[in-house]
Amino acid sequence: MAKTFSALEKNILKSKGLTDAQLKKLAKAGIKGREDFKTVGDATTLRQLVAGLSADAAASVVAWALGGGSAGGGSVVVDSPDAVYCVHCRTRQPKDYKSGDLCGSCGKQAEPILTCYWCSAGGPGKFCRQCGAEFVPTAELELALLLKREGLPKDAIPGKLKAMSPAEKDVLWGRIRKSRG
Ligand SMILES: [Zn+2]
Ligand SMILES: [Zn+2]
């Protein structure tokens, strides 16, 4: 029985940025299963075998292939903390990703559009393009609006929210509910 990638493995490889053509190149190079990536060993070698494969896709494929399954040590690939994952398909965005870019895998905007508590403009990324305020999580938008009404300066609100305990936030939520009547 000829060994080949399962449908699931193919889908995983595609989710990591491989095209159908690149999947064929894998097979041509003799990589016919997840185990074979262990022989390949690293992203650089993989890119030499599969022309046109992006560095990021190669890295995530190798991380996937070497990551699970093999018990006993091995290197753990730790994502950099500022890695951006597509909210639609969870594909990791390339290093040169900029806020507002479309996801290379599914073509949708990779980041959620957040609403600015300060000027109500919407946009992707960490900061409002209109007024420069740091976005707060959507779930905490109402809290930020309340802090704004209470006269907190723009730059102080995200930090204040981050520093608040869940109990303190609950108190704020209570006041928001009251103010709604
Ligand atoms: Zn996507
Ligand atoms: Zn703004």
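This is a predicted model: local features need pLDDT of at least 70, side-chain atom pairs count only at pLDDT 80 or more; totals for chains, interfaces and linings use all residues.
Arg-90 sits in the loop between helix H5 and strand E1, which spans 114–115. As a rule, most residues other than glycine have a negative phi. Is Arg-90 buried or exposed? Arg-90 has 12 other C-beta atoms within 10 Å, and therefore counts as exposed.

Ser-120 is my next residue. Its place is the loop between E1 and strand E2, which covers 122–123. The phi of Ser-120 is also positive, near 70°, and this residue is likewise not a glycine. Ser-120 counts as exposed because it has 11 C-beta neighbours inside 10 Å.

Let me turn to the domains. The assignment for the chain gives domain 1 at 7–67, domain 2 at 79–111 and domain 3 at 114–180. Between the C-alpha centres of domain 1 and domain 2 there are 19 Å. Five residues from domain 1 and seven residues from domain 2 take part in their contact. What classes of residue does domain 1 present on the side that touches domain 2? That side has four polar residues and one charged residue, with no nonpolar ones.

We come now to the interior. In soluble globular proteins, nonpolar side chains tend to be buried together. Here the largest nonpolar core has 15 residues, and those with the most contacts inside it include Phe-37, Leu-46, Leu-53 and Val-62. Two helices, H3 (34–40) and H5 (55–67), are the elements that give two or more residues to this core. Of these, H5 gives the most, with six residues.

Finally, I consider a pair of helices. Two packed helices are described by the angle between their axes and the distance between the axes. The axes of helix H6, residues 141–149, and helix H8, residues 166–180, come within 10 Å and cross at roughly 75°. H6 is therefore roughly perpendicular to H8. Which residues make this contact? From H6 they are Glu-142, Leu-143 and Leu-146, and from H8 they are Lys-169, Leu-172, Arg-175 and Ile-176. By class, the contact of H6 with H8 has four nonpolar and three charged residues, and no polar ones.

Definitions and conventions: Residues are numbered from 1 along each chain as its sequence is written. Chains are lettered from A and ligands numbered from 1 in the order in which they are written. Domain bounds come from an automatic or database domain assignment. Two residues are in contact if their C-beta atoms, placed from the backbone, lie within 7 Å. Ala, Val, Leu, Ile, Met, Phe, Trp, Tyr, Cys and Pro count as nonpolar, Asp, Glu, Lys and Arg as charged, and the others, Gly among them, as polar. A nonpolar core is a set of buried Ala, Val, Leu, Ile, Met, Phe, Trp, Tyr and Cys residues joined through C-beta atoms within 7 Å. A residue is buried if 20 or more other C-beta atoms lie within 10 Å of its own, exposed if 12 or fewer, and partly exposed in between; C-beta atoms are placed from the backbone. Helices (H or I, at least four residues) and strands (E, at least two) are DSSP runs, numbered from the N terminus. Axes are lines fitted to C-alpha atoms, for helices over the stretch in contact, and angles run from 0 to 180 degrees between N-to-C directions. Angles under 35 degrees count as roughly parallel, over 145 as roughly antiparallel, 65 to 115 as roughly perpendicular and the rest as oblique.
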